[in-house]
Amino acid sequence: MNNSRKSSQLALPSLSRRRFVTGMAAGATLLGAPVASSASAQRNNPTPQPLRGNHFDLQVNYLPVNFTGRERTAVAVNGSLPGPVLRWKEGDTVTLNVTNHLAHDTSIHWHGIILPSNMDGVPGLSFNGIRPGETFKYQFQVNQSGTYWYHSHSDFQEQIGHYGAIVIDPAEPDPVAFDRDYVVLLSDWSDDSPHDIYAKLKKEGHYFNRRRRTAGDLWQEIRQKGVAQTWRDREMWNEMRMSDRDISDVTGYTYTYLMNGQTPDANWTALFKRGEKIRLRFINGSAMSIFDIRIPGLKMTVVASDGQNIEPVSVDEFRIGVAETYDVVVEPADDRAYTLFAQTIDRSGYACGTLTPHQELRAEVPSMDYAPVLTHRDMGMGHSGHDMGGMSDMDHSGHDMGNMDGMDHSGHDMGDMQGMDHSSHDMSGMQGMDHSSHNMGSMSGMDHSQHTGHQMPGRTSGLGRAGFGSNAPVQHYPSEYGPGVDMRAQMPANGLHDPGIGLRGHQSRYGRRVLTYADIRNLTPTIDRREPEREIQLHLTGNMERYMWSMDGIKFSDAEPLMLKYGERVRVTLVNDTMMTHPIHLHGMWSELETGDPEYIPRKHTVIAQPGSTISYLVTADAYGRWAYHCHLLYHMPGMFREVRVV
Amino acid sequence: MKQKMMCCAALLPLLTTSLAFAQDQEHGGHHHSESMEPMDHGQHQAQPGTVPADGHQGHQGHRNPYSTASLHNAPNQPDHVMDHEVLLTKVTIDQLEAREHQGSALEGSLWFGGDFNKLWLKTEIEREEGETTNSELQALYSRAVAPYWDFQAGVRHDFKLEGGDSKSWATIGFNGLAPYFFEVDSALFIGEDGDSALRLEAEYELLFTQQWILSPEIEMNFYGQNDPESHTGSGLSDIEAGLRLRYEFTPQFAPYFGVHYEKKFGNTADFVRTEGEATSETTWVIGLYTWF
């Protein structure tokens, strides 16, 4: 155990140097290739270098970059995008002098690190930010280990390169055995400035959605289902003025997706020797992009979530929300290359890289999966009374088989596909499910308080037991009824077992096992074993048309802080009253996700709230001060944000 | 007629209060933003975990009275990066087009403001056979009153044209997105001399592809009186309908071609006939849709 850790420490600097050379070589190869027209410009974006120790000087500065053939100016740390990988040691006190060379304020937030609130790096809450020309000294003790990241909490700097990875080596022997480790930091780059993107969203919310419903789609549906059924299926969406294809606010229409700062063409490459255990530390450092990750041909053993060790789970695919981290271990048995494939939730693009025994060896890049379509469930409109396990295997996308016709299955790795009969997607079965009967008129008259506590063991009233989630009825506050809120989930499902839109039914469709939150158990026993003293039900709200986001219908600037009493154990239940997938990040304290086992509650810093669903976690308010609590989708942050104050 | 006058009188106080309200709203009007809504039931109740209204001390920026007060770098700046609303300006040219018979038209709008409160300018200019036949400008205060609807109130000015007088109107209306994705603009106009008019517009977008978009639209004008000077008669006066097929090179830049149809009714039609002009007309159009 100790050995493997040592070897990784030794291996990392030399590997990264090699990686740097590899990146150059890849660029050169592409230059020589016949299709190098746009690739030629992408060669020189520098890759992050690891920095280790307990004293760091970080320079925040402008950096010329070129990801698309056009020169742009990024904001980056120490001259690379992402910034350097900071390698700390658990137990050390680290000092980080951050100097601002920009014309604007900046800051660094150490995402997922438990530290005093004045070191947390949120301007206005932790400190005043770092003024141009100033140096701010961060200093704190590192009391945890694992994979984390850092990013600016000022303006929209996260979108333009101001982020990097943190890897903390444990003080005790690492329970995870591995021969090498690599950071795999995913991000999204746009040649448009983040303020332009934000303004476009405010002016036309569907600006970046290039998959809007067309007359052709309608015609396909009518041919398959008839006019009457099609009308009924479309009815709710038309009444609500929403699109079931509104998956991501910002898409591949403007984004180029990066893996460790490399475009898919530049292809970030990591080396391995056959038989080695490789630990991949996935970090989603995107502004707006949720990724689904798989490595065709390799099983991934998930060993850590948000930096915390978990009971290993073997999966074929997992979703990583913005700001989440997952560590997986892979053991390639063959002398072949593998593609690390990270497609966005809306399938508008992907980041990819190669895990290979030889630099020249590349694997096929799979084509993207079908693009998901939202269902009634994602609008919080029902099925919550059904067995959730069954739900997650349902093929919701079958509602839109017209869309499927255009799919290219040929690119999929056939190894995964074996024995699958695509024709077995039984349309008649799908038609038997009448989703259309949920109509808004009848919904509004329903008594919401009845739709609760349907699946929790134990108590049927009052607070649910620690580890099992909420028993409380879902209630919509009066503040949720205003121009800023376009929907309220009437019968929100529990999001725990849901792999999420676009990942449901992948076991039957592709034979892939997909990670869900319900699979996650902490490796070590729960530390705070108290029952929650109270529950905070927090509604994630918004208006897609106006592009306004809020909590409980109140945007940050109008909201009072959420008060926690020092030492108390509370449950937070998020009710997602929108049809977007929101990664919610609490600073300063762990979000202990209630996945059904009170003995081994996993600790997360960022929790995905599925569309139209609920999710519960426990928080021990063991950190005094003012903390940020917000959706980590960058352009939702101005509204969907709260101050949490522990007093 | 008498009814129209009363209607006008009733509207004026509403107009002034809403404009005054707008000023009140611009800064620091937090928490009251929903109080206009019929649905508001007092939003301070039932917010578990939040502090009671305390004058918003959290963002006033004086030092945290709690345990972080001892920290050397506790924030003392009132400004938090994420806590102020972004004010934006959008200019939309819905139609900038050439029509058959030496005609042309411009229909566009500009708004400036935040999520709830905006200032709108709307303009319509039409030319036929080298002569401007219609030229108007509206300046409106716009307030979000429902998830998909803005209430708009202000003034409209019809510029002096050949053979006519300029005319000003007070206007109120609703602008928004109706179920089934119909973009709707409705406005009631009350003129200086008590004249009244009503305009209803609706538009739909049908996507053939992500870039080829067919947009049918219809506009109806009603008047409360006969006005020989402006050639408008009481009741339904005219209908304009259009069918435009645009190609979005980007969502912000889309040339189009299409057909424009106009028909006049009732007394308006009579006025037009007296002038020896046709009461209906169909013209081909070619133009540009753009916004920024």
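The dialogue below concerns helix geometry and backbone angles in this predicted model.

Trainee: How is the span of helix α3 of chain A to be read?

Mentor: One sets the end-to-end distance against that of a straight helix, at 1.5 Å a residue. A straight helix of 26 residues would span 38 Å, whereas α3, residues 215-240 of chain A, spans only 19 Å between its end C-alpha atoms.

Trainee: Where in α3(A) is the kink centred, and about how many degrees is it?

Mentor: The kink is centred on Gly226(A) and amounts to about 115 degrees.

Trainee: Is Arg241(A) buried, exposed or partly exposed?

Mentor: One counts C-beta neighbours; 20 or more within 10 Å make a residue buried, and 12 or fewer make it exposed. Arg241(A) has 19 inside 10 Å, so it counts as partly exposed.

Trainee: What are the phi and the location of Asp306(A)?

Mentor: Phi of Asp306(A) is near 50 degrees, again a positive value in a residue other than glycine. Asp306(A) sits in the loop between β15 (300-305) and β16 (308-315) of chain A. With 26 other C-beta atoms within 10 Å, Asp306(A) is buried.

Trainee: Is the peptide bond from Leu81(A) to Pro82(A) cis or trans?

Mentor: One reads omega, which is near -5 degrees here; the bond is cis. Pro82(A) belongs to the loop between β3 (72-77) and β4 (85-89) of chain A.

Notes: Residues numbered from 1 in each chain as written. Chains lettered and ligands numbered in written order. Predicted model: local features only at pLDDT ≥ 70, side-chain atom pairs only at ≥ 80, totals over all residues. Helix = DSSP H or I, 4+ residues; strand = E, 2+ residues; numbered from the N terminus. Expected span 1.5 Å × (residues − 1). Bend = angle between axes of the 7 residues up to and from the residue.
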